[in-house]
Amino acid sequence: MKKLIMKTILAAGIAAIAMPVTAKTELQWWHAMGGRLGEVVDEIATNYNASQSEYEIIPTYKGGYEDTMTAGIAAFRAKQQPHVLQIFDAGAATIINAPGATIPVADLMAEHGKGFNSNDYIEGVRNFYADSAGKMIGMPFNSSTPLLYYNKDAFAAAGVTNPPATWEEFEAIAPKLKAAGYTALAQSHSPWILSENFHSRHNIQLSTGNNGYDSTDVKILYNNDHMKMHWGKMKEWLDAGHYGFFGRAWGDNQDAFVQKKVAMWMGSSGSFGGLKKSTDFEFGTTFLPYWKSIIDEPKSTFIGGAALFAMSGKSDAEYKGVADFFAYMTNNENQVFWHKETGYVPITTAAYEMAKAEGYYNESPDAEIGILQLSQPGGEWTKGYRLGYYVQIREVMYKKYDDIFSGKSSVEKAFSEMESESNALLERFAATYK
Amino acid sequence: MKRVQFEHSTIPYLFIAPQIAIIAIFFIWPAGQAIHQSFLLEDAFGLSSQFVWFRNYVDTIGDAAWIQAAWFTTIFSALVTFLSLGIALLLAVKANEVIRGASTYKTTLMWAYAIAPPVAGLMGNLMFHPLIGDLYKFFNAIGWEFNHKLDSFDAGFVVVLIAVWKQVSVNFIFFLSGLQGISKAVNEAAMMDCKSPTRRFWTITFPLLAPTTFFLMVINITYAFFETFGIIDTTTGGAPGGSTNTLVYKVFQDGFRGADLGGSSAQSVVLMIIVLALTIIQFRFIERKVHY
């Protein structure tokens, strides 16, 4: 009896050792999609694993965007990097400039026979994670763009019919909303919405060196008259009770909209699903306002969110799997599924057409506004930006905007400090690659 | 004879070896890495790197944000140490005098000890939330135009309040046991000489508590420097305008969020030197005044 048990254990042991030889090639995917988004990621992975027998993609949630990037960097330094790493917009320069940290997605797809044409991707998505020649380095994954949400009940109470298309119109309706008991506006991300996309919307250059795409040796151009005019207005609106500032946290400002303290809120095109659930009033979605005094026809905004990068140092067989998974993830069915489940925009024109053909935008027209805004005509400065230590630069921006709002600094002083502190960071970043 | 001596001396080394190994692995090796890294400018992935001598240190000391954080850390640590020691001492003295329901008071006062700093921060965050926070509403209702999202004094108030609240219980436990260690005979003898309880406290009890107070001061300064990280991270995140940023939090922001390894290593080396200097000062100059 004892012998039999021993034999069984031994056999099981041998089987266990032998197993991996026949098993699928495992592909690690580290991502920053928490909550419901994480569930959708898991669902895509499960579906992919069931769809073929060669590869197994294993998604792992690594925390927020910064945490995921840090985890990926630490793993890379220890030669334990995942095959696929999700990196957010502000971290793009960090990974793309590191020589040989990642395999450009355009090369990866072409090499493994998946074919690749960046023109398949919608205008605002195409260039953000590309190099200066337009070759895509990262595969855009969760893409969103800033939009304006407005409370229709509040507008009716104030006797305002249309949401503001321009900031000039905003100034005209803000006092009416105030009279109806609402602060006119709040927003959830000053650098993304009212700095980076402010430049894109008004087609203003954001930094030297082609917005940072051509070189790391660049200077930031935020200290310009348009920005100073806008932020001077922001301070005026704050003091007049037309703008509500609820701190830096995304959620606190969104809550102010949900709780009907503010009549309009600027957030992400991906926010509408959550708003639909949490609001008990009817709201509308519209394009990001622009200054008529700066530009007659506003340009497209660019995307926020993150992209997937194929990390270097893996075998050819594994890259074949990564390419296969990328192809699966970007096919029309999966793009439409991702779009509907999360509110992020589909990244290919074909997927967008498919969602349209299915009649999705007839039932939820809000879902289309982000894509429409991204598809507006582009300009010279609408493809994005590529700036080093941009996480720290955003930190500088947050601080200077706080100083403007609290009255600690004049607009002039805040922007001049923002310029010098950001340039010091850019200079440090450039010195790393000399 | 020699052989015996040799055997004699290895055994103690064996006993301390685990401790030495822990210090080497968890302190000396990482500290050495930090010092090495602080002389480099390196991309986050470690693929290209330059030896830049003291550039990271020069950039650190010259950075307006670092200087701001250094000032705030100094003021914050002084306030947190002084207030949490003062309040804990007062509570310990009072609790020590209570006869009925003494253990209830003591347990209640010790409770907060079990709460981790980030959790304390999250609780504070809820209480000071601009839309739903009770304390936020209360302060505004009594005429204080409280807005910690924009006012740096108010933000400092929030983090000091939470940090002190969290630390008082630890200090309370130590002060209470210190007080209970003072012999009754000493107090009774003092009562014959002096009628005023306040004077008795300052001339008899407080000096006898000095070893406890000194120990707690060292612990509290370390707490204010390092452990309040969780509170800052979950409440203000250094806002508004960087006015509540501490040196440790800045190391985290630049190194872990911003992937600037050289810069944040230089910052942590400077921080290490500051803490070392503080510890030397404490033991050299203050400990001399303590009688055990």
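In this predicted model, Ala163(B), Gln167(B), Asn171(B), Phe174(B), Phe175(B) and Gly178(B) of helix H7(B) meet Thr212(B), Leu216(B), Asn220(B), Tyr223(B) and Ala224(B) of helix H10(B). Sorted by class, this contact holds 6 nonpolar and 5 polar residues, and no charged ones. H7(B) covers residues 152-180 and H10(B) covers residues 210-227, and the two pack at an angle of about 160 degrees with their axes 11 Å apart. Because of that angle, H7(B) is roughly antiparallel to H10(B), and the crossing by which H7(B) passes H10(B) is right-handed.

Another helix pair in chain B is formed by H12(B), residues 247-257, and H13(B), residues 261-286, whose axes lie 8 Å apart at an angle of about 165 degrees. H12(B) is therefore roughly antiparallel to H13(B), and their crossing is left-handed. On the H12(B) side the contact is made by Leu247(B), Val248(B), Lys250(B), Val251(B), Asp254(B) and Gly255(B), which meet Leu261(B), Gly263(B), Ser264(B), Gln267(B), Ser268(B) and Leu271(B) of H13(B). The classes here are 5 nonpolar, 5 polar and 2 charged residues.

The loop between helix H11 (229-234) and H12 of chain B contains Pro240(B). This proline is joined to Ala239(B) by a cis peptide bond, with omega at about -10 degrees.

In chain A, helix H9(A), residues 190-201, and helix H19(A) have axes that come within 10 Å and cross at roughly 90 degrees. The two helices are therefore roughly perpendicular to each other. Ser190(A), Pro191(A) and Ser195(A) represent H9(A) in this contact, while Arg394(A), Met397(A), Tyr398(A) and Tyr401(A) represent H19(A). By class, the contact of H9(A) with H19(A) comprises 4 nonpolar, 2 polar and 1 charged residues.

| Helix pair | Angle between axes | Axis separation |
|---|---|---|
| H7(B) and H10(B) | about 160 degrees | 11 Å |
| H12(B) and H13(B) | about 165 degrees | 8 Å |
| H9(A) and H19(A) | roughly 90 degrees | within 10 Å |

The loop between H9 and helix H10 (208-211) of chain A holds Asn203(A), a residue that has a positive phi of about 55 degrees although it is not a glycine.

Chain A also contains an open sheet of 4 strands, arranged in the order S7-S8-S6-S9 with mixed pairing. Strand S7 (183-187) and strand S9 (283-286) of chain A stand at its edges, and each has a single partner strand, so one side of each is left without a neighbour in the sheet. From one strand to the next, the twist averages 25 degrees. Strands of a sheet pair through backbone hydrogen bonds, in either a parallel or an antiparallel sense. For S7(A) and strand S8(A), residues 262-268, the sense is parallel and the pairing runs over 4 bridges. The bridge partner of Gln187(A) in S8(A) is Met266(A).

At the level of domains, the assignment for chain A gives domain 1 as 2-144 + 303-374 and domain 2 as 146-301 + 388-432. The centres of these two domains of chain A, taken over C-alpha atoms, are separated by 30 Å. Across the boundary, 20 residues of domain 1 of chain A are in contact with 23 residues of domain 2 of chain A. On the domain 1 side, the elements that give two or more residues are H4, helix H6 (123-126) and helix H18 (366-374) of chain A, and H18(A) gives the most, with 6 residues. The residues on this side of domain 1 divide into 7 nonpolar, 10 polar and 3 charged.

Between the chains, 37 residues of chain A are in contact with 29 residues of chain B. By class, the side of chain A that touches chain B divides into 15 nonpolar, 9 polar and 13 charged residues.

Conventions
Residues numbered from 1 in each chain as written. Chains lettered and ligands numbered in written order. Predicted model: local features only at pLDDT ≥ 70, side-chain atom pairs only at ≥ 80, totals over all residues. Contact = placed C-beta atoms within 7 Å. Nonpolar A, V, L, I, M, F, W, Y, C, P; charged D, E, K, R; others polar. Axes fitted to C-alpha atoms, helices over the stretch in contact; angles between N-to-C directions. Parallel < 35°, antiparallel > 145°, perpendicular 65-115°, else oblique. Left-handed = near helix turned anticlockwise from the far one by under 90°. Pairing = 2+ DSSP bridges. Domains from an automatic or database assignment.
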